[in-house]
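Hello,

Please find the structure below. My notes on it follow.

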Number of protein chains: 2
Amino acid sequence: MIRLNRTTEYGLIALRHMSQRRQNITSAREVADQYGLPFEITAKTLQRLRDCGLIQSAQGAHGGYMLKKELEEVTLAEFLQLMEGPQAVVVCAPPMGSGHVGCECEYKGKCEIKGFMTDLNTRVFRFLSSIRLNELGRLRTVLAIGDEP
Amino acid sequence: MIRLNRTTEYGLIALRHMSQRRQNITSAREVADQYGLPFEITAKTLQRLRDCGLIQSAQGAHGGYMLKKELEEVTLAEFLQLMEGPQAVVVCAPPMGSGHVGCECEYKGKCEIKGFMTDLNTRVFRFLSSIRLNELGRLRTVLAIGDEP
DNA sequence: TTTATATACGATAATAGTTATCGTATATAA
DNA sequence: TTATATACGATAACTATTATCGTATATAAA
């Protein structure tokens, strides 16, 4: 159930990499080499990040990618939706954050489960919205209520 | 990323159905008919729930399934792991709740992202552990801290 | 102008995972 | 004996993800 896809995961790695070398431009080759990722997929991932407006690209010989948005402006929920499209925990609930409250329930009759499904969806969305990308690499210091000391 | 699989979703529906008619035995046919689910898959789902120890079965003409565990004893995290196997948010983190703290990181060199990945994994696991199956259908009344009134 | 390096991107192949179907066996109440 | 129900392996169908390939375009530097 709970699993980032490869592109999302590589995207996180790339974003963090870039956040640590502000000013400097990064290339797909550099990211791929540094973390041992397949070049082709890393390149696609960076293009995807660019399409999402998270980074900007420069073509040509000394081209590459640079961060465009502050990572603290982006929540994990937003990031996932950008990278993987609208997310819904269950078939019978509308995608997280879509604003739809109505249930597109395909189940017959009065499916009392839908209240649970919709709320679960909402809770997951809020949870993911509570995490910002700038927490990458320093999350231990900002663990939320409920974590042991 | 965040999506229950069909069996898990049907399993939740079936469990809730059964929790509402304690004492009474339920059949795969009954659940399938009531919610408009395909019979074959509903049957497999109930067998799966039985394998997980959540319900018990009785074969024969007046056979069927009955709840075995109190739903409030089961967290969503446990349920997901029973139904879908060990869960990990990312490739480079050990499955949630596995007790492993070490990172099975496949990425080259010092992948500083792994701290984030492992913590994200932990946070997701704790989030899912905070929800119990008995909240099915009455979740609105128990929404956690952070939700609007 | 040429060369090397880099992104851009569509097409598609390969793989994996999920979901659905089928056939047959077994148990039991009536 | 019959009707009803679970048990379950095998596998087909479908979907989504992941990987690969080929070609185009942009640009700095020689």
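Contact here means heavy atoms within 4.5 Å. This is a predicted model, in which local features need pLDDT of at least 70, side-chain atom pairs count only at pLDDT 80 or more, and totals for chains, interfaces and linings use all residues. Residues are numbered from 1 along each chain as its sequence is written, chains are lettered from A and ligands numbered from 1 in the order in which they are written, and side-chain values use heavy atoms, with hydrogens and water left out.

Thr42(A) sits in helix α3 of chain A (helices are DSSP runs of H or I with at least four residues, strands are runs of E with at least two, both numbered from the N terminus). Apart from neighbours within four places in sequence, Thr42(A) has contacts with Ala28(A), Val31(A), Ala32(A) and Leu37(A).

Now to the DNA. There are 21 residues around DNA strand D, and those that come nearest are Ile41(A), Gln59(A), Ser57(B), Gln59(B) and Tyr65(B) (a residue is near a strand if one of its heavy atoms lies within 4 Å of it). Of the atoms of DNA strand D that come within 4 Å of the protein, 73% belong to sugar and phosphate.

At least two residues of this surface come from each of α3 (39-51) of chain A and α3 (39-51), β1 (55-58) and β2 (64-67) of chain B.

Some polar contacts (pairs of N or O atoms within 3.5 Å):

- The side chain of Ser57(B) has an N or O atom 2.8 Å from a phosphate oxygen of DNA strand D.
- For Arg50(B), a polar side-chain atom is 3.3 Å from a phosphate oxygen of DNA strand D.

Regards

Technical notes
Polar contact = N/O pair within 3.5 Å; in protein donor to acceptor, adjacent residues only side chain to side chain.
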